[in-house]
Amino acid sequence: MYSRRNASLLKTPLAAIAAMVVAASGVVLSLPDTAQAQSAARVESQTRPNFGVLIDPPTRGSRSRGSARRWRYNDHRPDYRPVPPRAGGEEIVLIDCGGNPGTGAVEDAVRRVRPGGTLIIRARGGPCVGWLNIDKPMTIIGESGFDPRDWARHPTPTLQAPDGLPCMTVAQGVRVEVRDMLFAAPRAGDAACIVGYGAEIILNRAGMRYVGDEAAVYADGGLLDIRNVVIEAQTVAPAIVADGATLTAYEMVIGGAQVGLELTPGAGQTATISTSTLLGVEAPNNFGPRSIGVIIRSGRDYGRVEIENTAICGYVEGVAIEGASVAITGSRICKSEKGVVLYNGELRLADSRVRAASVGVAAASGRAVIVNNSFSGVREVYYSEDRSNIEARGNKVWSRSLCRARFRERSRGRYEPYWSPGQGWECVYGSYPRDRWADEDGLLGLEYYDDGYTLDGYDYFQSGYGYYDRDGRYIRDDRYRGDERWQPERRGLFGGRDRR
């Protein structure tokens with residue numbers, strides 16, 4: 001009877017399912033120890049270290065094929081860009097800390113600015129005293145503004161560095177732009193005013209007064225862009241040091257430093273200096289570091305420097321090149337002992353003016369091309385050693401020592417002056433133009449001095465009258481003009497006059 005009843009129930013689908021569920025639950029309830037053993041084995045297999053995998057780890061491809069694909073926000077929002085964490089959340093921070101040293105207000109203001117934000121410094125009650133330690137990109141603006149043309153009218157700085165500390169330091173990879181700021185470091189000691197290591201520093205309409213033993217601006221790698229900037233640095237070090245940094249200087253004025261600019265260009269970089277002025281202290285080089293306007297050193301890689309429309313005055317050596325490719329065009333090198341010194345490398349000097357007391361261009365090693373320049377006051381236009389090569393043409397010289405006239409006899413006791421051209425240069429007779437002096441040594445406040453050579457009576461001689469004796473003294477004679485003066489008259493046998 002039982003088997004017939006069960007057969008009738010199995011004919012119904014719902015009944016069959018119910019019977020299966022009851023049978024399975026009965027088995028589970030009747031075997032509790034077996035279920036616990038299986039669970040323990042599964043946990044143990046997941047936690048046991050797989051030493052085979054540690055010895056021979058699977059490849060990246062096998063891991064990627066076996067792993068599940070993760071959900072990403074970009075799949076649903078293609079315009080999504082992750083935002084890095086921000087230190088400080090204010091877009092614009094205005095600080096008015098006039099003359100309150102030691103409060104930490106400047107440092108706190110830097111921390112409050114979000115990356116890419118703007119810090120405005122107001123110094124109505126005196127300069128803000130602090131150290132700008134920049135570790136995120138930002139823009140720094142002085143609220144009072146700065147005009148480089150009115151340098152003397154800006155007595156109060158915007159930011160003053162604490163004694164022995166820098167004005168601003170910029171971390172590696174950080175870009176900072178500074179506008180309308182006047183920095184001061186009156187007691188800097190061994191600290192530079194602005195320091196950057198692999199950073200991007202842009203100075204626009206800024207000024208700096210620095211007194212210390214280091215460079216006013218020091219950039220190690222990265223980028224240094226200087227525009228409309230005035231730097232007054234009282235230091236024996238260079239006013240600006242750009243070591244491997246990409247330098248761009250436009251309308252820059254440097255004064256007071258023993259060395260104006262020290263530059264080591266990097267590989268594949270072109271450093272440019274244009275429409276700038278570097279004024280030295282005219283210090284002799286018999287003690288301390290050499291007085292050089294622009295010194296260009298060689299790094300591990302060969303770099304290039306371009307100097308255009310720039311005045312470099314008041315240094316013992318105007319430009320010193322120690323292993324780089326340098327092009328100087330349309331510039332003025334004045335009040336120097338040696339105009340350009342090529343210790344090694346390449347030089348192209350074109351359409352420029354050089355005023356030096358000793359040598360215009362001295363080349364110890366390397367190659368120099370000197371084209372269409374003006375040299376004044378020199379005792380020697382070029383100086384070349386055995387390892388150097390100089391190519392010169394079309395150069396003009398004003399010099400009392402080089403351009404002295406020589407005299408040759410045209411007839412008995414009558415001489416005419418002449419000048420011998422040099423290697424790629426010729427003398428210009430007459431006074432040195434005063435307007436050129438004003439753009440050169442006149443920048444240092446010196447009175448006009450004529451480097452040109454003037455021969456007594458030469459103007460009258462060129463008009464066709466008179467001649468010179470063997471000692472160069474002019475003899476005026478108005479009786480004959482032109483070539484007739486070379487045919488002196490003599491008395492004939494019967495008292496008459498004839499010409500020989």
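Guide: Let's start with the word itself: a disulfide is a pair of cysteine sulfur atoms within 2.5 Å. Keep in mind that this is a predicted model, where local features need pLDDT of at least 70 and side-chain atom pairs count only at pLDDT 80 or more, while totals for chains, interfaces and linings use all residues. Residues are numbered from 1 along each chain as its sequence is written, and side-chain values use heavy atoms, with hydrogens and water left out.

Take Cys 403 and Cys 427, which are joined with a sulfur-to-sulfur distance of 2.1 Å. The torsion about their S-S bond is about -90 degrees, so this disulfide is left-handed. Where do the two ends sit? Cys 403 is in the loop between strand S26 (395-398) and strand S27 (406-411), and Cys 427 is in strand S29 (residues 425-427), so the pair ties together parts that are 24 residues apart in sequence. When I say strand, I mean a DSSP run of E with at least two residues, numbered from the N terminus. Cys 403 has a relative accessibility of 2%, so it counts as buried. That word has a cut-off too: buried means under 20% relative accessible area, exposed is over 50%, and partly exposed is in between, using a 1.4 Å probe and protein chains only.

Next come Cys 167 and Cys 193, whose sulfur atoms are 2.3 Å apart. The S-S torsion of this pair is about -100 degrees, so the disulfide is left-handed. Cys 167 belongs to the loop between S6 and strand S7 (168-170), and Cys 193 to the loop between strand S8 (175-189) and strand S9 (194-197), so parts that are 26 residues apart in sequence get tied together. Cys 167 and Cys 193 are both buried.

Then there's Cys 313 with Cys 334, where the sulfurs sit 1.7 Å apart. Both ends are in strands: Cys 313 in S20 (residues 311-313) and Cys 334 in S22 (residues 332-350), so the pair links parts that are 21 residues apart in sequence. Cys 313 is buried, with a relative accessible area of 0%, and Cys 334 is buried with 0% as well.

Now for the surroundings I promised. Leaving aside neighbours within four places in sequence, Gln 160 is in contact (heavy atoms within 4.5 Å) with residues including Cys 128, Ala 184 and Arg 187.

Leading up to S6 is a loop from strand S5 (138-142), and His 154 is in it. His 154 also counts as buried, at 18% relative accessibility. Not counting residues up to four places away in sequence, it touches Gly 145, Phe 146, Asp 147, Leu 182 and Arg 209. His 154 and Gly 207 are 53 residues apart in sequence, yet their C-alpha atoms are 9.1 Å apart in space.

Last stop, some strand pairing, which needs at least two DSSP bridges between two strands. Strand S10 (residues 200-212) runs parallel to strand S12 (residues 223-234), with eleven bridges joining them. Asn 204, for one, has Arg 227 of S12 as its bridge partner. S12 also pairs in the parallel sense with strand S14 (residues 246-255), over nine bridges, and there Arg 227 is partnered by Tyr 250.

Definitions and conventions:
Helices (H or I, at least four residues) and strands (E, at least two) are DSSP runs, numbered from the N terminus.
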